[in-house]
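Subject: Structure handover and notes

Hello,

Please find the structure below, followed by my notes on it.

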Amino acid sequence: MPGERAGQPVIVITGAGSGLGRVTAGLVAGQGSTVVVLDVDLAAAQETVAELERSGAQASALQADVTDPAAVARAKDAVLAEHGRIDGLVNNAGILTKQVLLSETLEAWQRTLDINVTGYFLCLQAFGGAMADAGSGAIVNIASIGGTRPTIGAGAYCVSKAGVLALTRQAALELGPSGVRVNAVSPGFMKTAMTADRYAVSGLEERRAQMIPLRRIAPLEEVAGVVAFLLTPAAGYVNGEEIVVDGGFVHSTTANVPQPA
Ligand SMILES: NC(=O)c1ccc[n+]([C@@H]2O[C@H](COP(=O)([O-])OP(=O)(O)OC[C@H]3O[C@@H](n4cnc5c(N)ncnc54)[C@H](O)[C@@H]3O)[C@@H](O)[C@H]2O)c1
(Lines give C-alpha, C1' and ligand atoms only; values in the text may rest on other atoms or scores of the structure.)
Protein backbone atom coordinates (compact mmCIF):
# COMPACT_ATOMS: atom_id res chain seq x y z
CA MET A 1 0.00 0.00 0.00
CA PRO A 2 1.59 3.36 -0.98
CA GLY A 3 2.76 5.40 1.99
CA GLU A 4 2.12 2.66 4.56
CA ARG A 5 4.78 2.63 7.28
CA ALA A 6 6.24 -0.54 8.80
CA GLY A 7 5.79 -1.24 12.53
CA GLN A 8 2.95 -0.78 15.01
CA PRO A 9 0.73 2.19 14.07
CA VAL A 10 -0.01 4.89 16.65
CA ILE A 11 -3.57 6.23 16.58
CA VAL A 12 -4.73 9.29 18.55
CA ILE A 13 -8.43 9.29 19.50
CA THR A 14 -9.91 12.46 21.00
CA GLY A 15 -12.77 12.17 23.48
CA ALA A 16 -11.90 8.50 23.99
CA GLY A 17 -12.63 8.71 27.72
CA SER A 18 -16.27 7.91 26.96
CA GLY A 19 -18.87 6.63 24.53
CA LEU A 20 -18.00 6.08 20.88
CA GLY A 21 -14.36 7.16 21.38
CA ARG A 22 -13.79 4.55 24.09
CA VAL A 23 -15.33 1.74 22.03
CA THR A 24 -13.33 2.84 18.97
CA ALA A 25 -10.17 2.75 21.08
CA GLY A 26 -10.90 -0.89 21.92
CA LEU A 27 -11.42 -1.90 18.28
CA VAL A 28 -8.39 0.02 17.02
CA ALA A 29 -6.20 -1.51 19.73
CA GLY A 30 -7.59 -4.91 18.76
CA GLN A 31 -6.32 -4.30 15.22
CA GLY A 32 -2.82 -4.09 16.67
CA SER A 33 -2.35 -0.32 16.98
CA THR A 34 -1.05 1.64 19.95
CA VAL A 35 -3.86 3.96 21.03
CA VAL A 36 -3.40 7.43 22.52
CA VAL A 37 -6.53 8.31 24.48
CA LEU A 38 -6.84 12.08 24.55
CA ASP A 39 -9.59 13.68 26.62
CA VAL A 40 -10.23 16.83 28.62
CA ASP A 41 -11.24 14.42 31.43
CA LEU A 42 -7.96 12.75 32.44
CA ALA A 43 -9.57 10.26 34.86
CA ALA A 44 -11.90 9.07 32.09
CA ALA A 45 -8.97 8.75 29.66
CA GLN A 46 -7.01 6.75 32.25
CA GLU A 47 -10.00 4.43 32.74
CA THR A 48 -10.08 3.73 29.00
CA VAL A 49 -6.33 3.03 29.03
CA ALA A 50 -6.71 0.67 32.00
CA GLU A 51 -9.44 -1.23 30.08
CA LEU A 52 -7.21 -1.45 26.99
CA GLU A 53 -4.21 -2.62 29.01
CA ARG A 54 -6.30 -5.32 30.71
CA SER A 55 -6.90 -6.76 27.24
CA GLY A 56 -3.16 -6.66 26.50
CA ALA A 57 -3.16 -3.56 24.29
CA GLN A 58 -0.62 -0.75 24.27
CA ALA A 59 -2.17 2.60 25.19
CA SER A 60 -1.46 5.91 26.87
CA ALA A 61 -3.64 8.71 28.25
CA LEU A 62 -3.25 12.42 27.59
CA GLN A 63 -5.21 15.30 29.07
CA ALA A 64 -5.97 18.16 26.66
CA ASP A 65 -8.82 20.50 25.85
CA VAL A 66 -9.07 20.34 22.05
CA THR A 67 -9.99 24.03 21.90
CA ASP A 68 -6.64 25.03 23.41
CA PRO A 69 -3.99 25.30 20.66
CA ALA A 70 -1.09 25.15 23.14
CA ALA A 71 -2.50 22.05 24.86
CA VAL A 72 -3.03 20.33 21.50
CA ALA A 73 0.52 21.21 20.39
CA ARG A 74 1.89 19.84 23.70
CA ALA A 75 -0.13 16.66 23.20
CA LYS A 76 1.32 16.20 19.71
CA ASP A 77 4.87 16.68 21.06
CA ALA A 78 4.15 14.22 23.89
CA VAL A 79 2.92 11.54 21.45
CA LEU A 80 5.98 11.95 19.25
CA ALA A 81 8.29 11.91 22.30
CA GLU A 82 6.66 8.76 23.77
CA HIS A 83 5.80 6.77 20.65
CA GLY A 84 7.97 8.34 17.93
CA ARG A 85 5.22 8.42 15.30
CA ILE A 86 1.59 9.27 14.56
CA ASP A 87 -0.31 7.23 11.97
CA GLY A 88 -3.91 8.12 12.61
CA LEU A 89 -6.28 10.58 14.27
CA VAL A 90 -9.93 10.15 15.17
CA ASN A 91 -11.47 13.55 15.80
CA ASN A 92 -14.31 12.49 18.08
CA ALA A 93 -14.45 14.82 21.13
CA GLY A 94 -17.68 16.74 20.92
CA ILE A 95 -20.60 18.26 22.79
CA LEU A 96 -24.30 18.51 22.06
CA THR A 97 -26.15 21.68 23.00
CA LYS A 98 -29.89 21.20 23.06
CA GLN A 99 -31.57 24.43 22.04
CA VAL A 100 -33.56 25.91 19.18
CA LEU A 101 -31.85 28.74 17.29
CA LEU A 102 -34.06 31.57 18.58
CA SER A 103 -33.32 30.66 22.21
CA GLU A 104 -29.66 29.66 21.81
CA THR A 105 -27.17 31.71 23.87
CA LEU A 106 -24.13 33.14 22.11
CA GLU A 107 -21.95 31.40 24.71
CA ALA A 108 -23.41 27.94 23.98
CA TRP A 109 -23.28 28.58 20.21
CA GLN A 110 -19.61 29.56 20.38
CA ARG A 111 -18.68 26.71 22.75
CA THR A 112 -20.29 24.19 20.39
CA LEU A 113 -18.45 25.52 17.34
CA ASP A 114 -15.20 25.82 19.34
CA ILE A 115 -15.16 22.17 20.43
CA ASN A 116 -16.90 20.50 17.49
CA VAL A 117 -15.26 22.42 14.63
CA THR A 118 -12.25 24.42 15.84
CA GLY A 119 -11.17 21.52 18.07
CA TYR A 120 -11.19 19.19 15.05
CA PHE A 121 -9.25 21.78 13.03
CA LEU A 122 -6.59 22.21 15.72
CA CYS A 123 -6.08 18.44 16.11
CA LEU A 124 -6.06 17.98 12.34
CA GLN A 125 -3.42 20.67 12.04
CA ALA A 126 -1.21 19.29 14.83
CA PHE A 127 -1.52 15.49 14.40
CA GLY A 128 -2.30 15.66 10.67
CA GLY A 129 0.73 17.90 10.22
CA ALA A 130 2.95 15.26 11.81
CA MET A 131 1.45 12.62 9.50
CA ALA A 132 1.97 14.84 6.45
CA ASP A 133 5.62 15.29 7.50
CA ALA A 134 5.95 11.50 7.63
CA GLY A 135 4.19 11.11 4.25
CA SER A 136 1.27 8.93 5.35
CA GLY A 137 -1.67 8.72 7.70
CA ALA A 138 -5.42 8.68 8.05
CA ILE A 139 -7.87 10.99 9.80
CA VAL A 140 -11.46 10.13 10.63
CA ASN A 141 -13.72 12.98 11.68
CA ILE A 142 -16.84 11.97 13.59
CA ALA A 143 -19.67 14.05 12.16
CA SER A 144 -23.39 13.19 12.50
CA ILE A 145 -26.47 12.73 10.37
CA GLY A 146 -27.29 16.16 11.87
CA GLY A 147 -24.63 17.61 9.57
CA THR A 148 -26.97 17.16 6.61
CA ARG A 149 -30.36 16.82 8.38
CA PRO A 150 -31.43 19.71 10.60
CA THR A 151 -32.77 18.54 13.96
CA ILE A 152 -35.11 20.75 15.95
CA GLY A 153 -33.48 21.66 19.26
CA ALA A 154 -29.91 20.99 18.14
CA GLY A 155 -29.20 24.00 15.91
CA ALA A 156 -25.64 24.81 16.93
CA TYR A 157 -24.76 21.12 16.91
CA CYS A 158 -26.10 20.50 13.39
CA VAL A 159 -24.31 23.59 12.05
CA SER A 160 -21.10 22.39 13.71
CA LYS A 161 -21.41 18.94 12.13
CA ALA A 162 -22.01 20.49 8.69
CA GLY A 163 -18.72 22.28 9.37
CA VAL A 164 -17.05 18.96 10.15
CA LEU A 165 -18.17 17.59 6.77
CA ALA A 166 -16.82 20.66 4.97
CA LEU A 167 -13.57 20.43 6.94
CA THR A 168 -13.28 16.78 5.89
CA ARG A 169 -13.60 17.54 2.17
CA GLN A 170 -11.26 20.53 2.41
CA ALA A 171 -8.60 18.59 4.31
CA ALA A 172 -8.88 15.58 1.97
CA LEU A 173 -8.00 17.86 -0.91
CA GLU A 174 -5.14 19.60 0.86
CA LEU A 175 -3.57 16.66 2.75
CA GLY A 176 -4.08 14.01 0.05
CA PRO A 177 -0.88 14.90 -1.83
CA SER A 178 1.06 14.29 1.42
CA GLY A 179 -0.37 10.78 1.70
CA VAL A 180 -2.87 11.62 4.44
CA ARG A 181 -6.49 10.53 3.87
CA VAL A 182 -9.33 12.37 5.58
CA ASN A 183 -12.84 10.93 5.87
CA ALA A 184 -15.94 11.41 8.00
CA VAL A 185 -18.25 8.97 9.74
CA SER A 186 -21.76 10.19 10.46
CA PRO A 187 -23.46 8.10 13.12
CA GLY A 188 -27.22 8.04 13.51
CA PHE A 189 -28.81 7.60 16.92
CA MET A 190 -26.50 6.27 19.65
CA LYS A 191 -26.99 5.87 23.39
CA THR A 192 -24.03 7.51 25.18
CA ALA A 193 -23.46 10.04 27.97
CA MET A 194 -24.24 12.74 25.37
CA THR A 195 -27.77 11.47 24.81
CA ALA A 196 -28.46 9.62 28.08
CA ASP A 197 -31.10 12.16 29.20
CA ARG A 198 -33.13 11.46 26.05
CA TYR A 199 -33.09 7.69 26.47
CA ALA A 200 -34.04 8.08 30.13
CA VAL A 201 -37.49 9.03 28.79
CA SER A 202 -39.61 5.89 28.95
CA GLY A 203 -40.32 4.34 25.54
CA LEU A 204 -38.20 6.80 23.55
CA GLU A 205 -35.63 4.25 22.45
CA GLU A 206 -38.35 1.90 21.16
CA ARG A 207 -40.15 4.73 19.33
CA ARG A 208 -36.90 5.87 17.69
CA ALA A 209 -36.01 2.31 16.74
CA GLN A 210 -39.36 1.97 14.95
CA MET A 211 -38.33 4.82 12.61
CA ILE A 212 -35.07 3.11 11.60
CA PRO A 213 -35.15 0.46 8.85
CA LEU A 214 -32.93 -1.84 10.99
CA ARG A 215 -35.26 -1.20 13.97
CA ARG A 216 -32.50 -0.56 16.51
CA ILE A 217 -30.39 2.30 17.89
CA ALA A 218 -26.78 2.13 16.64
CA PRO A 219 -24.61 -0.23 18.71
CA LEU A 220 -21.37 1.67 19.37
CA GLU A 221 -19.29 -1.29 18.12
CA GLU A 222 -20.98 -1.13 14.71
CA VAL A 223 -20.12 2.56 14.30
CA ALA A 224 -16.61 2.11 15.69
CA GLY A 225 -16.05 -0.75 13.23
CA VAL A 226 -16.44 1.65 10.30
CA VAL A 227 -14.11 4.18 11.93
CA ALA A 228 -11.51 1.46 12.51
CA PHE A 229 -11.84 0.28 8.90
CA LEU A 230 -11.20 3.79 7.54
CA LEU A 231 -7.90 3.86 9.46
CA THR A 232 -6.64 0.67 7.80
CA PRO A 233 -4.79 0.21 4.49
CA ALA A 234 -7.92 -1.63 3.24
CA ALA A 235 -9.48 1.86 2.96
CA GLY A 236 -6.33 3.23 1.34
CA TYR A 237 -8.13 4.77 -1.66
CA VAL A 238 -11.05 6.28 0.28
CA ASN A 239 -10.55 10.02 0.70
CA GLY A 240 -12.91 12.94 1.37
CA GLU A 241 -15.94 10.68 1.94
CA GLU A 242 -18.73 10.71 4.48
CA ILE A 243 -19.90 7.26 5.54
CA VAL A 244 -23.32 7.38 7.16
CA VAL A 245 -23.83 4.66 9.80
CA ASP A 246 -27.45 5.01 10.81
CA GLY A 247 -29.24 1.76 10.01
CA GLY A 248 -30.74 3.40 6.91
CA PHE A 249 -32.54 6.13 8.88
CA VAL A 250 -31.78 9.06 6.51
CA HIS A 251 -33.39 7.15 3.65
CA SER A 252 -36.58 6.54 5.58
CA THR A 253 -38.43 9.86 5.19
CA THR A 254 -40.91 8.45 2.65
CA ALA A 255 -41.83 5.75 5.17
CA ASN A 256 -43.65 8.48 7.09
CA VAL A 257 -45.62 9.85 4.12
CA PRO A 258 -49.34 9.03 4.37
CA GLN A 259 -50.45 6.63 1.60
CA PRO A 260 -53.94 5.76 0.41
CA ALA A 261 -55.19 2.68 2.27
N1 LIG B 1 -24.46 10.10 20.84
C2 LIG B 1 -25.00 10.24 19.66
O3 LIG B 1 -26.18 9.94 19.43
C4 LIG B 1 -24.17 10.78 18.52
C5 LIG B 1 -24.74 10.77 17.24
C6 LIG B 1 -23.98 11.24 16.16
C7 LIG B 1 -22.70 11.71 16.38
N8 LIG B 1 -22.17 11.70 17.64
C9 LIG B 1 -20.80 12.20 17.79
O10 LIG B 1 -19.97 11.17 18.30
C11 LIG B 1 -18.86 11.76 18.99
C12 LIG B 1 -18.68 11.09 20.35
O13 LIG B 1 -19.81 11.40 21.14
P14 LIG B 1 -20.37 10.43 22.29
O15 LIG B 1 -21.80 10.23 21.98
O16 LIG B 1 -19.48 9.27 22.46
O17 LIG B 1 -20.31 11.44 23.52
P18 LIG B 1 -19.69 11.34 24.99
O19 LIG B 1 -20.25 12.53 25.69
O20 LIG B 1 -19.90 9.98 25.56
O21 LIG B 1 -18.12 11.52 24.74
C22 LIG B 1 -17.54 12.75 24.40
C23 LIG B 1 -16.12 12.80 24.97
O24 LIG B 1 -15.51 14.02 24.52
C25 LIG B 1 -14.79 14.59 25.60
N26 LIG B 1 -14.66 16.04 25.39
C27 LIG B 1 -15.68 16.96 25.42
N28 LIG B 1 -15.17 18.20 25.23
C29 LIG B 1 -13.82 18.05 25.08
C30 LIG B 1 -12.77 18.97 24.87
N31 LIG B 1 -12.98 20.29 24.79
N32 LIG B 1 -11.50 18.48 24.73
C33 LIG B 1 -11.26 17.14 24.82
N34 LIG B 1 -12.24 16.23 25.06
C35 LIG B 1 -13.50 16.68 25.18
C36 LIG B 1 -15.64 14.25 26.84
O37 LIG B 1 -14.87 14.37 28.04
C38 LIG B 1 -16.08 12.82 26.52
O39 LIG B 1 -15.14 11.88 27.00
C40 LIG B 1 -19.14 13.26 19.05
O41 LIG B 1 -18.43 13.93 18.04
C42 LIG B 1 -20.63 13.32 18.79
O43 LIG B 1 -21.04 14.56 18.26
C44 LIG B 1 -22.87 11.25 18.71
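Strand β5 (residues 137-142) and strand β6 run parallel and are joined by six bridges. Two strands are taken to pair if DSSP finds at least two bridges between them. Helices (H or I, at least four residues) and strands (E, at least two) are DSSP runs, numbered from the N terminus. This is a predicted model, in which local features need pLDDT of at least 70 and side-chain atom pairs count only at pLDDT 80 or more, while totals for chains, interfaces and linings use all residues. Residues are numbered from 1 along each chain as its sequence is written, and side-chain values use heavy atoms, with hydrogens and water left out.

Together, β5, helix α5 (residues 155-175) and β6 form a right-handed β-α-β unit. Right-handed here means that, with the strands pointing away from the viewer, the path from the first strand over the helix to the second runs clockwise. β6 is also joined to strand β7 (residues 242-245), by four bridges and again in parallel; valine 185 has isoleucine 243 of β7 as its bridge partner.

Is β6 (residues 180-187) mostly covered or uncovered? Mostly covered: eight of its eight residues are buried, where buried means under 20% relative accessible area, exposed over 50%, and partly exposed in between (1.4 Å probe, protein chains only). In a regular strand the side chains alternate between the two faces of the sheet. On one side of β6 are Val180, Val182, Ala184 and Ser186, and on the other Arg181, Asn183, Val185 and Pro187; all are buried.

Asparagine 183 is buried, at a relative accessible area of 1%. The side chain of asparagine 183 reaches the backbone nitrogen of glutamate 241 at 2.8 Å; a polar contact is a pair of N or O atoms within 3.5 Å, where within protein one must be able to donate a hydrogen and the other to accept it, and residues adjacent in sequence count only if both atoms are side-chain atoms. Not counting residues up to four places away in sequence, asparagine 183 touches residues including Ile139, Val140, Asn141, Thr168 and Leu230, contact meaning heavy atoms within 4.5 Å.

Strand β4 (residues 88-91) is likewise covered on both faces: Gly88 and Val90 on one side and Leu89 and Asn91 on the other are all buried. Three bridges pair β4 with strand β1 (residues 10-14) in the parallel sense, and valine 12 has leucine 89 of β4 as its bridge partner. Four bridges join β4 to β5, also in parallel, with valine 90 opposite valine 140. From β4 the chain crosses through helix α4 (residues 106-134) to β5, in a right-handed β-α-β crossover.

Isoleucine 13 is in β1 and is buried, with a relative accessible area of 0%. Its contacts, leaving aside neighbours within four places in sequence, include Gly21, Thr24, Val35, Val37 and Val90. Isoleucine 13 and alanine 93 are 80 residues apart in sequence, and their C-alpha atoms are 8.3 Å apart.

Next, helix α2 (residues 42-54). Its 13 residues reach 18 Å from first C-alpha to last, close to the 18 Å expected at 1.5 Å a residue; the expected span is 1.5 Å times one less than the number of residues. Its buried residues are Ala44, Ala45, Thr48, Val49 and Leu52. Seen down the axis of α2, these residues fall within an arc of 140°, so they line one face of the helix; the arc is that of the directions from the helix axis to the C-beta atoms. Their cover includes α1 (19-30), β2 (34-39) and β3 (59-63). At the N-terminal end, aspartate 41 caps α2, with a side-chain oxygen 3.3 Å from the backbone nitrogen of alanine 43. Glycine 56, with a positive phi near 90°, follows α2.

Two partly exposed residues remain. Glutamine 170, in α5, has a relative accessible area of 43%. Arginine 215, in the loop between α7 (204-210) and α8 (220-231), has a relative accessible area of 46%. Phi of arginine 215 is near 60°, a positive value in a residue other than glycine.

Regards
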